[in-house]
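Welcome! Please take a moment with the sequence and the 3D view below, and then walk through a few of the local features with us.

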Amino acid sequence: MNLLVITASPNKDGLTAACAKAACAGILRGGAKVTQAHLNDLSIGMCQACNDGWGTCLSEHRCRVEDDFQALHERLVGVDGLVLVTPVYWGDLSESAKAFTDRLRRCDATRDRGQSILFDKPVIAVAAAGGSGNGMISCLLNMERWIQQIQARAFDLIPVNRWSRAYKLAALRAGGKAMAEEVCRKEKRKD
Ligand SMILES: Cc1cc2nc3c(=O)[nH]c(=O)nc-3n(C[C@H](O)[C@H](O)[C@H](O)COP(=O)(O)O)c2cc1C
């Protein structure tokens, strides 16, 4: 079973990275494999709103803007669950998280129910607010809506700030483990 942890911060050793590390540790303890993708290391530009607003995202469920988006989109086909960790910027997802989630939503929210790449797959969304701590909930609200739109399932929505860091990292380890155990259990039932 393969789980993917996506981070969306330029900072390699900040709060976002600590959250991802905790989730990865939990996933491994839960018996699944885990890989990571760092959006800020990739070239994923913003949606170009082709034509009059819709392009191949609607007609073919693929984005015609050629960059690193396609490879990551393809990678999602083989994953059984996702952890998405974004720093909170302006009470919202970071720009790299927005660019990726916007383009994925266009390709997958437009599929028939049940056909999305992440259909019914569990997602843990994490909003890491390292500044004032404000805006975690508005960020998670947008992430929750995105999870619903792409037909995935919100396994958990976790706000983390500087003061809650220690116990939220423990929650992330537990959440990653629980998610891994769930996907492994489901796979066993298939056998
Ligand atoms: C453009 C920008 C906007 C930010 N907005 C917020 C915010 O609304 N609330 C908050 O608590 N922190 C905010 N911060 C602080 C980040 O959430 C904080 O730096 C966080 O730790 C980033 O994650 P990192 O440690 O992985 O870099 C902002 C930072 C930047 C650069």
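Predicted model: local features only at pLDDT ≥ 70, side-chain atom pairs only at ≥ 80, totals over all residues.

**A residue in strand 1**

- Thr7 has a relative accessibility of 5%, so it counts as buried, the cut-off being under 20%.
- Setting aside neighbours within four places in sequence, the residues in contact with Thr7 are Thr16, Ala20, Ala37, His38, Leu39 and Val85.

**Helix 6 and its surroundings**

- Helix 6 is made of 26 residues, 165-190. From its first C-alpha to its last it reaches 37 Å, close to the 38 Å expected at 1.5 Å a residue.
- Which residues of helix 6 are buried? They are Lys168, Leu169, Leu172, Gly175, Gly176, Met179, Ala180, Glu182 and Val183.
- Those buried residues pack against several elements: strand 1, helix 1 (15-29), strand 3 (81-87), strand 4 (122-129) and strand 5 (153-161).

**Where helix 3 meets helix 4**

- Two packed helices are described by the angle between their axes and the distance between the axes.
- For helix 3 (residues 69-77) and helix 4 (residues 95-108), the axes come within 11 Å and cross at roughly 60°.
- Helix 3 and helix 4 are therefore oblique to each other, and their crossing is right-handed.
- On the helix 3 side, the contact is made by Phe69, Gln70, Leu72, His73 and Leu76. Helix 4 brings Phe100, Arg103, Leu104, Cys107 and Asp108 to it.
- Sorted by class, the contact of helix 3 with helix 4 has six nonpolar residues, two polar and two charged.

**Two loop residues with positive phi**

- Asn51 lies in the loop between strand 2 (33-38) and helix 2 (56-59). Its phi is near 50°, a positive value in a residue other than glycine.
- Is Asn51 buried or exposed? Asn51 has a relative accessible area of 71%, so it is exposed, since that word applies over 50%.
- Gln151 sits in the loop between helix 5 (136-149) and strand 5. The phi of Gln151 is near 70°, again a positive value in a residue other than glycine.
- With a relative accessible area of 5%, Gln151 is buried, whereas Asn51 is exposed.

How values were computed:
Residues numbered from 1 in each chain as written. Heavy atoms only, no water. Buried < 20%, exposed > 50% of the residue type's maximum accessible area, 1.4 Å probe, protein only. Contact = heavy atoms within 4.5 Å. Helix = DSSP H or I, 4+ residues; strand = E, 2+ residues; numbered from the N terminus. Expected span 1.5 Å × (residues − 1). Axes fitted to C-alpha atoms, helices over the stretch in contact; angles between N-to-C directions. Parallel < 35°, antiparallel > 145°, perpendicular 65-115°, else oblique. Left-handed = near helix turned anticlockwise from the far one by under 90°. Nonpolar A, V, L, I, M, F, W, Y, C, P; charged D, E, K, R; others polar.
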